[in-house]
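The following paragraphs lead the reader through a protein structure, from individual residues to the chain as a whole. Please keep the sequence and the model in view while reading.

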Amino acid sequence: MEPRKYKITKISVNARGIKLFELEPNDGVTLEFKPGQFVKIFNKQKTVFRPYSIASTQKNKNLEFCIKVGHDGVFTKYLNKLKEGDELWVEGPTGHFVYDGQSNCVFIAGGAGIAPIIAMIRCIVSNKIKGNFVLVYSNKRIEDIAYFDELNLIIEKNKNIKVVYTLTQEAGTWTGEKGRINSEMIRRYVKEPAKNNWFICGPVQMIITLKDDIVRLGVKSELIKVEGWGK
């Protein structure tokens with residue numbers, strides 16, 4: 001599969017250190033993908049790439065990416081300097097972290113791990129998929145929560161979708177959950193864990209710990225899909 005050239009049509013700051021990049025295909029052909037899949041994004045010279053999950057739905061010609069920029073990564077520093085109108089190369093899609101229309105799901109995201117999961121939730125909303133859905137989303141502080149306004153609007157309009165925010169460093173007036181996601185927190189919001197499909201995206205260590213916790217709640221391992229980064 002050969003990389004295709006895309007133009008950046010929009011860049012916006014969505015949370016602290018998080019930018020949304022909207023990319024339009026130069027050839028005008030819509031990319032076919034499933035919610036949760038990722039692509040390889042190459043620099044303009046096609047010499048370096050990094051994998052990024054697609055945050056948009058299949059109904060959009062333009063692709064959206066939710067990327068934590070400007071930290072230690074060389075490629076993210078490169079992306080952080082780009083402007084609207086600049087071009088990149090995109091190859092894909094690929095990946096098995098895929099939502100296939102299941103009716104009862106629990107989504108767990110850490111930080112920028114919300115990227116593939118927001119695509120899944122947008123798919124559920126736009127296709128009016130019936131069922132019960134819970135998102136447990138962990139960040140350090142409230143200003144780190146990506147898609148905060150959109151998620152709040154989604155739960156306001158869709159009674160079958162629940163979003164639980166937990167913050168590990170927030171203090172003061174925050175009245176939501178605090179601390180890292182664990183089995184006790186999950187049990188407060190998921191009544192019948194074994195009857196759900198599970199999707200977890202975040203740092204590898206978080207995934208390892210949570211997958212073990214979820215299996216101990218009686219969930220079969222084949223119902224748990226994970227995608228992570230780091231060591």
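Ala 15 is in contact with Glu 143, Asp 144, Ile 145 and Ala 146, leaving aside its neighbours within four places in sequence; contact means heavy atoms within 4.5 Å. The model is a predicted one, in which local features need pLDDT of at least 70 and side-chain atom pairs count only at pLDDT 80 or more, while totals for chains, interfaces and linings use all residues. Residues are numbered from 1 along each chain as its sequence is written, and side-chain values use heavy atoms, with hydrogens and water left out.

Ala 15 belongs to strand 1 (residues 4-15). Its relative accessibility is 7%, so Ala 15 counts as buried; buried means under 20% relative accessible area, exposed over 50%, and partly exposed in between, with a 1.4 Å probe and protein chains only. Ile 41 lies 26 residues from Ala 15 along the chain, and their C-alpha atoms are separated by 21 Å. Val 13 also lies in strand 1, but Val 13 is exposed, with a relative accessible area of 63%. Apart from neighbours within four places in sequence, Val 13 is in contact with Ile 18 and Lys 19.

Between Val 13 and Pro 93 there are 25 Å in space, C-alpha to C-alpha, and 80 residues in sequence. Pro 93 is found in strand 6, and a cis peptide bond with omega of about 15° joins Gly 92 to Pro 93.

Lys 46, although not a glycine, has a positive phi of about 60°. Lys 46 sits in the loop between strand 3 (38-42) and strand 4 (49-53) and counts as partly exposed at 38% relative accessibility. Lys 128 likewise has a positive phi, near 50°. Its place is the loop between helix 2 (114-126) and strand 8 (132-139), and Lys 128 is exposed, with a relative accessible area of 72%.

The aromatic side chains come next. Rings of Phe, Tyr and Trp (its six-membered ring) pair if their centres lie within 6.5 Å; planes under 30 degrees apart count as stacked, over 60 as edge-to-face and the rest as tilted. By this rule there are 8 aromatic pairs. Tyr 99 and Phe 199 form one that is edge-to-face, at 6.1 Å centre to centre with 65° between the planes. This pair links distant parts of the chain, 100 residues apart: Tyr 99 lies in the loop between strand 6 (87-94) and strand 7 (104-110), and Phe 199 in strand 11 (residues 197-203). Tyr 99 and Phe 199 are both buried. The rings of Phe 107 and Phe 199 are stacked, because their centres are 5.4 Å apart and their planes at 25°. Since Phe 107 lies in strand 7 and Phe 199 in strand 11, the pair ties together parts that are 92 residues apart in sequence. Ring pairs link Phe 97, Tyr 99, Phe 107 and Phe 199 into a cluster.

The chain can now be viewed as a whole. It has 5 helices and 12 strands, where helices (H or I, at least four residues) and strands (E, at least two) are DSSP runs numbered from the N terminus. Of its 231 residues, 48% count as buried. Among contacts between residues at least 6 apart in sequence, 69% join residues at least 24 apart. Along its principal axes, the C-alpha trace spans about 50 × 40 × 35 Å.
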